[in-house]
Amino acid sequence: MKETGHPQERINTGVAHSARVYDYILGGKNHYEADVAAGDAMVQVWPALPVHMRANRAFMHRVSRHLARERGIRQFLDIGTGLPTPPNLHEVVQEVEPRARVVYVDNDPIVLNYAQALLDSTPQGMTAYVQADMRDPDAILESARFREVLSLDEPIALTIIGILHFIHPGDDDHGLVERLLAPLPPGSYLAATIGTADFAPEEVGRVAERYAAEGMPMVLRTHAEAASFFDGLELEEPGVVQVHKWRPDPDDEKIRDVDIAMYGAVARKPF
């Protein structure tokens, strides 16, 4: 079953956007000259950036598969979806459970242009796309698509991958996560990645400067600050670690710690 998105908004192709820069560096095709220029500048100051971004994506694949296969989660709310890059989250979880349901959320109008790739659900499951900003949880939780596709009577996995470093403390970063988790029933999960400069402070700091110069200021957090997003939740092993260290697959790319600037973790909302 499929749900359509909101009417298209005007896309500013002359200004780089984080979702499109991410797409470009991952080798996608859905970006513009401004995104290419920004991405090239970032890779120049930190050549490991593509490795870092691939590891972040691989974390999402492992986590979603784990939650579907090992924890029996059949509903997913994905915040900051970005441009479709196969395999997308619904493809991963519906391979495990064809009845799985996924609601994707992003604030970039260009994602809506390509949302059909996110809506290619199995017949047994369902996917939907909501164009909204994480800074407005009510726009997500009160949307018709959220209410139609996901049931608050069953656990939901809230996935916030590669977005929290664009959410500043002044935006009430912890409060936003808590508001998104609040209506989800006990037994639901939070899976998130959090940007850090703990392992390559100079290089990652220069990347952050480039993002800020493109109008995308970042906040990079320490391990303790990253872990605080999971306060009150039950962390899965191995806890809050660099994303490439979270239950890696045997055939995963071999990665140096210094090339990863993202913590990741999965935690359950207690009963």
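This is a predicted model: local features need pLDDT of at least 70, side-chain atom pairs count only at pLDDT 80 or more; totals for chains, interfaces and linings use all residues.
The largest nonpolar core comprises 55 residues, and Leu77, Met134, Ile160 and Phe230 have the most contacts inside it. Beyond its neighbours within four places in sequence, Ile160 is in contact with Ile79, Met134, Val177, Leu190, Ala191, Ala192 and Thr193. Another core lies apart from the largest one and has 32 residues, including Ile11, Ala55, Val63 and Val243. In soluble globular proteins, nonpolar side chains tend to be buried together.

Helix H8 spans residues 173-181. Its buried residues are Asp173, Gly175, Leu176, Val177, Leu180 and Leu181. Among the elements that cover them are strand E1 (75-79), helix H6 (137-141), strand E4 (157-160) and strand E5 (189-195). Val177 of H8 is buried, and Val177 is also one of the contacts of Ile160.

Helices H1 and H2 pack with their axes 9 Å apart, at an angle of about 65°. Angles of 65 to 115 degrees count as roughly perpendicular, and H1 and H2 are therefore roughly perpendicular to each other. Their crossing is right-handed. The residues that make the contact are listed by helix below.

| Helix | Residues in the contact |
|---|---|
| H1 | Arg20, Val21, Tyr24 and Ile25 |
| H2 | Asp35, Val36, Ala38, Gly39, Asp40, Met42 and Val43 |

By class, the residues of this contact are 7 nonpolar, 1 polar and 3 charged.

Terms used:
Residues are numbered from 1 along each chain as its sequence is written. Side-chain values use heavy atoms; hydrogens and water are left out. Buried means under 20% relative accessible area, exposed over 50%, partly exposed in between (1.4 Å probe, protein chains only). Helices (H or I, at least four residues) and strands (E, at least two) are DSSP runs, numbered from the N terminus. Contact means heavy atoms within 4.5 Å. A nonpolar core is a set of buried Ala, Val, Leu, Ile, Met, Phe, Trp, Tyr and Cys residues joined through side-chain atoms within 4.5 Å. Axes are lines fitted to C-alpha atoms, for helices over the stretch in contact, and angles run from 0 to 180 degrees between N-to-C directions. Angles under 35 degrees count as roughly parallel, over 145 as roughly antiparallel, 65 to 115 as roughly perpendicular and the rest as oblique. A crossing is left-handed if the near helix is turned anticlockwise from the far one by less than a right angle, and right-handed if clockwise. Ala, Val, Leu, Ile, Met, Phe, Trp, Tyr, Cys and Pro count as nonpolar, Asp, Glu, Lys and Arg as charged, and the others, Gly among them, as polar.
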